[in-house]
Structure formats: C-alpha cells, structure tokens
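Please look at the model below before reading on.

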Amino acid sequence: MPKPLEGKTVVVGLTGGIACYKAAELVRALVRGGASVRVMMTAAAREFITPLTLQTLSGHPVATEIFNLTQESQIGHIHLADRADALIVAPATANCIGKIAGGLADDIVTTVILATKAPLLMAPSMNVNMYENVVVQENLERLRSRGVRIIEPGEGFLACGWEGKGRLADTEVLVAEVERAVTRRDLAGQRVLVTAGPNREAIDPVRFISNRSTGKMGFALAAAAWRRGAEVVLIAGPTSLATPHGVQRIDVASAADMHHAVRKNIGTATVLLMTAAVADYRPAHVAAQKLKKGSGDMQLDLVRTVDILADVAAHKGERIVVGFAAETEAVLENAQRKLEAKKLDLIVANDVAGSDTGFAVDTNAVTIIDRSGGREDVPLMTKGEVADRILDRVAASIHKPTAKRPARAPRAKFRTQRRSN
Ligand code: CTP
C-alpha cells in the first residue's frame, strides 16, 4: 500500500504573513511524504520568503502571477487548479480568508482557489486580535459551512509580540490534515476505539511490573483510522509517543484502569482495535510504602487481571472486534486459538521475537487471520503501512454487501455505557 501522499499533487498557497518561513518546512515535509508539491505565492508572501526557496524545496517553478505569459504557459492557474488533489493555504491571512469568503480572485492564490474542485484547507495565522475579530470569525464560519477545512491556529507567543491564538498550526498537523484530505474516507461514520501500549502494575509507590510494548502499532492504527474518516478514541498505557492529530486520547496505567476506560468508551464504538499489551497479572497487594530489602530473597504474589478483550467481545453485537497476538513461538497456532477463544472477527498475529517486527521498532510483519480461517500475510513494512492493511480488512467487513451491520453508525457521540468493577 502506498504512503498517503504518494502519487498525489498538493498545491500549497502562501499569503503574506511571518509564518511564511514555516511553509518552507511544510513543503519539505509534503515532498518527503511522497507528494508532488506545487507552490503559489501572493506578492505579500514574497515579502517574507523568496520563490527560489520554495522552488528549490518543491522541485517545481513557483506561481506568483496571473498575468505573466511565461508563467501562464508553464504553470497556468487553471492547470494548477485542475491538477490539485488538495490545496492548502498556509499561512492564510485575514485578507485572504476575507477574499475567499467573498468570492474575490485578484491574485494567483485566490484565483486558483476559485477555479479548483479539489478539497481546500486553510491554516490561518495572524495577530490574536485580528484572529478574534468578528469579521474574520464570520468569514471562517462561512468557509467552514462551504466545506473548507479550517486548521485552527495554535496558541502561544506570536511574532507580533502578543500572546494568544494565531500561530500557524504545527507542520505535523498540517501534513496530517493534507493526508486526510487526499485519502478515501472508507471509515467515515465509524467510531473506532483503539487500545495501545503496556500497562503498569504497581508493587509499591516506586516499583511496577510492565512489558516491552511502546504503543507504536496502536498509535499508527489510531492515526490511520482518523485519516480514513473515523472518529477515534485512543486508550493509551504509559508511553512517550505524541498523540496523533485528530485523535482523542485517554491515558491509563494499570489493566484495571484500561478495562474501566474501555467499558466507558465502548458504548457506541463500531470497531475495537485491541493492540494494547495488557498485563495478565498484577501484584496481589500494593504496598503503601516503598518496600525495603531484607537479607533474603523475596516472593511476589500475583493475581490474574480481567481479560478485557474477552469481556468486551462477549457482548460485541455488530461491533467489529480485532485482537492482536504477540507471540514468540507457534505464532499462527496461538493466534488462531485466541481468535476462537475470544470470539474475535480478526486477529493480527505478530512474531515479537524478530528484531524488526517486535516492540519499539517502526516496522512490522504480521498475519491477519479472520474468523473463517482466511489468512493474509503482510510482509515487512512500516507500522503505518501495516495499520492501513489491517484497516483495509476492517473496512471490507463493514462494507461487505451481505453484512447485516450498517455501513454507518447512528449519529450519537461516544458515550458512557456501563461502569466496570
Ligand atoms: N488482552 C486483553 N486483556 C488481557 C490480556 C490480553 O484484552 N488481560 C488482549 C490483548 O490486547 C490482545 C489479545 O488479548 O488483543 C491477545 O493478547 P496476548 O497478550 O497475545 O494473549 P493473552 O490472551 O494474554 O494470552 P497469553 O498471555 O497466554 O499469550
């Protein structure tokens, strides 16, 4: 499966704001992601950064004029508008937002926008008072209501000296939004609950039992599900990974916390992806104070935790439930056994003994097994690509014509169902 931006043409429009220097980073990130990037700049944007910088980073001539014969023959505005798979204006000034809201087209950026049918994203960046001005907010609302994706600015110190909302969104956020704009939304209307990472079972206030999971596979799944149009809640054990853009994250530590969070959020979830390496045992007693060592050995009594997946799958209804089997031997046999025992729709068998298929690495190779015994071997690739392969199977089950489950979930938000123990 290609990366989300591979084979896609992304047109980046720069309008005149200090954040133009960050657009250079955006162009570079989009090119690195595999996109063919075409840049267009207003005269005001050229006061902040030169076309040469963006031409060098994008590898293509930059469009700056509408009435320039040479440019028009090489990179005509209609050509740009037609070729775009997505168009992003970053930074988008209040002036540009106002012009687009009002249907004006008096420079290359606004003209191409008016002529394109591609998805349009706008990333405002300006002084906080300007951003909060009622006219700007009204214009943004008008654009939103017409289907333009407005990428909210961040808060912080602004180049103008003020502090507040108005900073251009981070490059990773802009890239994630563009990736989503060019991706087929085959999970639109789905509510996907993902668990990821390890658990920590406390022994005393300073010690715990845990495992080697880092959560990378689950975080990749959460990011990919959002990109494909799903509403995503990610229940994460302790990990240092950044929350994927667009995903709602709930942090937990122990298996009991994770069980509680899953119960609380499973209500209207249409898909559960249980990637977490749930602790199977916890210390029978948690010492209130740090345990002191004695001269001899020490025994730790462990008791079983709840099997979250088996508990949830027991009343799964129409929900698609996917388990993950982390194994070091008899990988497929063990996975098949878990699929049946836990009554899952799919299980992803993962040999975690391999140096590039286990914990803490960015690659994986798995076998996806379905309830009818069908198997798909997914060879070594990035965890992001593996995530898409798994979601292809999930999407196929949702859209199967004979399946009884609805293609779209009812419109309720995630909500609390029952509370667990
Ligand atoms: N799982 C769970 N609750 C547990 C243990 C596991 O929900 N207490 C889930 C995991 O998230 C995973 C699947 O069950 O999706 C299989 O987990 P794995 O650790 O591979 O297997 P176990 O069922 O724990 O069996 P074993 O330890 O014998 O391998």
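The buried residues of helix α11 are covered by elements that include β8 (191-196), β9 (201-204), β11 (231-236), β12 (248-251) and α12 (308-314). Helix α11 itself spans residues 255-265, and its buried residues are Ala-255, Met-258, His-259, Ala-261, Val-262, Arg-263 and Asn-265. Buried here means under 20% relative accessible area, exposed over 50%, and partly exposed in between, with a 1.4 Å probe and protein chains only. Helices (H or I, at least four residues) and strands (E, at least two) are DSSP runs, numbered from the N terminus.

This is a predicted model, in which local features need pLDDT of at least 70 and side-chain atom pairs count only at pLDDT 80 or more, while totals for chains, interfaces and linings use all residues. Residues are numbered from 1 along each chain as its sequence is written, and side-chain values use heavy atoms, with hydrogens and water left out.

The protein has 14 helices and 19 strands, and 51% of its 421 residues count as buried. Its C-alpha trace spans about 80 × 55 × 40 Å along the principal axes.

The largest nonpolar core holds 35 residues, and Val-192, Val-232, Leu-273, Leu-391 and Val-394 have the most contacts inside it. Such a core is a set of buried Ala, Val, Leu, Ile, Met, Phe, Trp, Tyr and Cys residues joined through side-chain atoms within 4.5 Å. Helix α10 (residues 216-227) gives the largest share of this core, 8 residues. Another core lies apart from it, with 34 residues, among them Val-10, Leu-54, Val-62 and Ala-90. Beyond its neighbours within four places in sequence, Val-394 is in contact (heavy atoms within 4.5 Å) with Val-271, Leu-273, Ile-320, Val-322 and Leu-346.

In the contact between α10 and α14, residues of α10 including Met-217, Leu-221 and Ala-224 meet residues of α14 including Val-386, Ile-390 and Leu-391. By class, this contact has 9 nonpolar, 1 polar and 4 charged residues; Ala, Val, Leu, Ile, Met, Phe, Trp, Tyr, Cys and Pro count as nonpolar, Asp, Glu, Lys and Arg as charged, and the others, Gly among them, as polar.

Some backbone details remain. The peptide bond from Ala-90 to Pro-91 is cis, with omega near 0 degrees, and Pro-91 is found in strand β3 (residues 86-92). Ala-330, in the loop between β16 (320-327) and α13 (331-341), has a positive phi near 40 degrees. Ala-330 counts as partly exposed because its relative accessibility is 41%.
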